[in-house]
Each structure stands twice: as structure tokens, then as C-alpha cells.
Amino acid sequence: MTVTATPPVRRKESVPGRVRALAGLSVLALALLLAAILAGAASTGSSLRTIGHEAGPQVLATAGLYRQMSEMDALMAETLLLGREYGPQQQADLTTYDQRRLEISEGLLRTYRLALDNPVEQRTVESLIEGLGRYERLAAHARLLDVQSGHTAGQPPDHVVRAYQQATDLMHRELLPQAYNLTLETGTIVRRAHDAERSATSLARVAVVGTGLLALGCLLALQIYLTRRFRRIFAPALVVATVLATAALVTGTALLDRQGQALAEAKRRGFDSVLTLTRARAISKSMYGDQSRYLLDRFRKDTYEHTFLDKSRTVAAVESTSLPDYQSKLRADFQGLLGGVTGRDRDRLFTVYQGFQQADARMRTLPAEAAIKFWDGELTQAYESYDKVLEELIRRHESDFERAIDGGDGALETLWRSIPAGLATGALLILVGVLPRLREYR
């Protein structure tokens with residue numbers, strides 16, 4: 001009877017297979033870690049581009065359009081209110097008017113270029129361009145009638161006022177609301193990008209930590225197997241690869257967090273603050289225009305006083321029943337657009353804003369001729385002091401915005417430059433660490 005012997009286990013062949021499998025899993029885990037880091041970086045980088053270089057600047061540009069357009073209309077009212085004895089000042093106002101018109105044209109062109117992939121925004125910009133052309137024709141007609149009348153400082157003839165009413169109605173009923181809606185439309189893009197980034201960053205962090213721990217586990221398993229099988233304390237190349245994987249995990253997570261923090265800071269301390277203060281400054285400029293329109297148009301004095309009150313409540317909200325009531329109740333605990341300003345900035349802002357409101361209250365108690373002189377002197381100085389503080393705060397937050405975006409871009413650049421190279425080196429070291437062991441079985 002012949003007995004068939006069981007073939008011996010071919011351990012010599014199983015060892016290289018296990019080494020290759022563990023090495024392959026380690027390289028694959030490093031590739032997954034790299035993919036997770038780069039995917040998170042790409043998502044955050046896209047949000048940084050949207051907020052810092054695309055939609056964000058577009059929103060701020062459109063908010064600037066609102067102020068520039070408000071200033072155009074205010075300057076036109078001012079030139080009509082000043083008489084022939086104010087010729088040099090009228091000419092200076094018209095020069096500024098032309099500068100604002102040029103700035104608006106450039107801003108609309110820039111906004112149109114940024115909105116090439118958004119037909120709704122394009123149509124809004126086109127409507128604004130056409131509407132501004134109509135406004136300029138109406139304003140020029142009112143200006144021509146005013147020059148022909150040759151009136152002294154004060155309310156111009158009724159036909160001049162009625163011609164200006166057509167222009168200012170177009171500005172405030174059509175053009176300014178369109179400019180405001182354009183800001184809202186692009187602002188929605190920024191908010192969506194920020195919300196999407198927050199979700200993507202959380203997922204990316206989980207993915208990076210998970211794949212990083214997997215890579216470290218595979219490397220440790222490979223190191224332990226080689227140590228036990230070949231009776232060596234450690235493989236230097238694998239130790240370095242493990243260190244590089246650990247560094248990639250820690251650095252990648254830290255850089256993704258830094259990008260997320262930069263984006264949050266750019267959105268909260270930069271973009272949101274600049275947008276809010278820019279809107280407040282634009283509305284305040286329109287309030288200043290309402291003061292000149294109040295003096296200019298005897299037919300709508302009550303209307304302009306009411307619109308001044310409404311805009312005041314938007315800028316600094318105080319419960320009140322009338323403009324005198326509002327101005328008497330104005331305190332430092334106001335809310336509204338300026339309500340988010342804190343610390344010394346809030347104190348400074350309240351002081352100059354209160355001075356502007358007090359000057360307005362004084363103007364409305366004076367006779368017509370004295371009111372015009374007061375408006376041209378102390379009231380304008382009060383407004384300019386208030387506007388200067390707003391401008392300073394806007395520039396400071398713009399610097400915060402740019403600094404945060406630059407920080408996020410720097411983190412992204414560091415990530416793209418260092419992480420792939422480190423993990424590629426780690427994968428190469430894995431091969432360097434296992435090849436000598438595999439040669440022993442040839």
C-alpha cells in the first residue's frame with residue numbers, strides 16, 4: 001500500500017508575498033492619505049478663491065456702486081441748491097460728479113466681467129448701465145434749466161426742481177434698488193461658498209485622520225513583521241517613512257485647519273464687516289443727500305425728512321416715533337448696521353454719528369437761507385468727520401480680509417509644496433526598506 005505524503009508548506013514563497021502585500025497596503029494607504037489631504041485642500045482652496053478673489057471682491061465692488069450712485073445724486077442736488085455766487089464750488093461738485101460717473105462705469109464693467117457665468121447678474125448690470133444713461137440725461141436737463149434760471153443760493157425755480165425730481169426718482173426707485181439687489185445676489189454666492197467649506201473641512205479632517213491612522217497602522221504592521229521574521233530590530237527606511245507619514249498627517253490636518261480658520265476670519269472679521277460698514281457708509285451718503293434735497297425741494301420736504309429718518313434707523317436703530325424723537329433718544333446702545341462695532345471703535349463712531357445727527361437737528365430749526373449756510377458749513381463738517389471714521393474702519397477690515405486670505409493662500413501653497421513630496425518620499429522609502437528583504441528569497 002502506497003502512502004502519499006502531504007506536501008510541506010512553502011514558507012519561502014509565503015514570506016515574500018506577505019511582505020509585498022503589507023508594502024503594497026502601506027503605499028496604498030499613503031496614496032489615500034495624500035488624496036484626502038489634497039481633496040480637502042482643493043475644496044478649501046476653491047472657497048478661498050470664491051471669497052477672496054472672485055465673488056467676495058465683486059460683492060464689495062457692487063456695495064461701492066451703491067455709495068457712488070448715491071453720491072452722484074447728492075452732488076447734483078447740491079449744485080442745484082447752490083446759487084450763482086457759489087460758482088467755484090458748483091464746478092468742484094460737477095468735477096466730482098464726473099469722477100463718480102467714471103468710477104461707476106469702471107465698476108459696472110468689472111462686475112459684468114466677473115458675472116460672465118451668471119445671466120441674472122449680467123442682466124442687472126446691463127439694466128443699471130441703461131438706467132444710468134437715462135439718469136444722466138435727466139440730471140443734465142435739470143442742470144441746464146438751473147443755469148438758465150441764474151438763481152441765487154436757495155431753492156431754485158419750480159421747473160428746475162420738477163426736472164430734478166424725475167432724475168432722483170429714477171435713481172432711488174430703480175437704480176439704487178438694482179445695485180442693492182446685485183450686492184445681495186453676489187453675497188449669496190459668498191455665503192454658500194463659506195457654508196460648503198465648513199462641511200467640506202469637517203469631512204476632510206475626518207478623512208485625513210482616518211487614512212493617516214490607516215497608513216501608520218500598515219507601516220507599523222510591516223515593520224513588526226519584518227522585525228520578527230528577519231530578526232532585525234528595525235528597518236531605517238521604514239522608520240523614516242513612518243516619520244514622514246506622521247508628519248504628513250499632523251501637518252496636513254494643521255494646514256487644513258489653518259485654511260478653514262483663515263476663511264472663517266476672512267468671512268467674519270473681514271468680508272462681513274466691510275460689507276456692513278460699506279452699506280452703512282452708502283446709506284449715510286444718501287442721508288446727506290436727503291438733507292440737500294430737503295433744502296432744495298419744498299414740495300417734498302416732509303418726504304425727505306421721513307426718508308432721512310428711515311435711513312437713520314437702518315444705520316443705527318433706535319425706537320422712535322419721529323426724527324426729533326430719534327435724535328433725542330440716540331444712545332450708545334444702538335443696533336442696526338453699526339450695532340456690531342465694538343470697543344473704542346464703537347465709542348468713536350457713536351460720537352461722530354451723534355454729532356452728525358445733532359447738526360441735522362440744528363439745521364431743521366433754521367430759516368431757509370441760514371439753513372443753507374449751516375448745511376454748507378457745520379453740517380457738512382459733521383458729516384465728513386463721521387464719514388472719515390467709517391472709511392477708516394472699512395480700510396482696517398479690508399486689511400483683515402486681505403491678511404486672512406493671504407494666510408489661507410500661504411497655507412495652501414505650503415500644503416501643495418510639502419505634503420506630496422513628503423508622502424512620495426515615504427512611498428519610495430517603503431520600497432527601499434523591503435527590497436533587500438525580498439532579494440534574500442531569490
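1. Order of elements. Read along the sequence, the protein chain runs α-α-α-α-α-α-α-α-α. That makes nine helices and zero strands. Helices here are DSSP runs of H or I with at least four residues, strands are runs of E with at least two, and both are numbered from the N terminus.

2. What kind of model this is. The model is predicted: local features need a pLDDT of at least 70, side-chain atom pairs count only at pLDDT 80 or more, and totals for chains, interfaces and linings use all residues. Residues are numbered from 1 along each chain as its sequence is written, and side-chain values use heavy atoms, with hydrogens and water left out.

3. Confidence. pLDDT is the predictor's confidence in each residue, on a scale from 0 to 100. The protein chain averages 85, and 94% of the residues score at least 70. Among the elements, helix α1 (residues 11–81) has the lowest mean pLDDT, 82. Helix α6 (residues 301–315) has the highest, 95. Where pLDDT is low, the predicted coordinates should not be read in detail.

4. Overall dimensions. The protein chain has a radius of gyration of 34 Å, while a compact globule of 442 residues would have one near 22 Å. The radius is taken over C-alpha atoms, and the globule rule is 2.2 Å times the number of residues to the power 0.38. Along the principal axes, the C-alpha atoms fill a box of roughly 135 × 40 × 40 Å.

5. Surface and charge. The protein chain exposes about 21,400 Å², and carbon and sulfur atoms supply 56% of it. These areas come from the Shrake-Rupley method with a 1.4 Å probe; for residues, only the protein chains shown count as cover. There are 55 positive and 50 negative charges, and their mean positions are 14 Å apart. Lys and Arg count as positive, Asp and Glu as negative; His and the chain ends are not counted. Each charge is placed at NZ of Lys, CZ of Arg, CG of Asp or CD of Glu.

6. Of the 442 residues, 50% count as buried. Buried means under 20% relative accessible area, exposed means over 50%, and partly exposed is in between (1.4 Å probe, protein chains only). A contact means heavy atoms within 4.5 Å. Take the contacts with a separation of 6 or more: residues 24 or more positions apart account for 79% of them.

7. Leu338. This residue sits in the loop between α7 and α8 (343–363). Leu338 counts as buried because its relative accessible area is 0%. Not counting residues up to four places away in sequence, Leu338 touches Leu277, Ala280, Val315, Arg346, Leu349, Tyr386 and Leu390. Val315 is 23 residues away in sequence, and its C-alpha is 5.9 Å from that of Leu338.

8. Ser320. Look in the loop between α6 and α7 (323–329). Ser320 has 17% relative accessibility, so it counts as buried. Leaving aside neighbours within four places in sequence, Ser320 is in contact with Leu309, Arg313, Asp325 and Tyr326.

9. Asp400. Helix α9 (residues 368–439) holds this residue. Asp400 is buried, since its relative accessible area is 8%. Asp400 and Gly270 are 130 residues apart in sequence, but their C-alpha atoms are 5.4 Å apart in space.

10. Thr242. Find this residue in helix α5 (residues 236–296). With a relative accessible area of 17%, Thr242 is buried. Thr242 touches Leu216 and Leu219, not counting residues up to four places away in sequence. Ile430 is 188 residues from Thr242 in sequence and 9.1 Å from it in space, C-alpha to C-alpha.

11. His53. This residue lies in helix α1. His53 is partly exposed because its relative accessibility is 44%. Not counting residues up to four places away in sequence, His53 touches Leu48, Ile405 and Asp409. Between His53 and Glu402 there are 349 residues of sequence separation and 9.8 Å in space, C-alpha to C-alpha.
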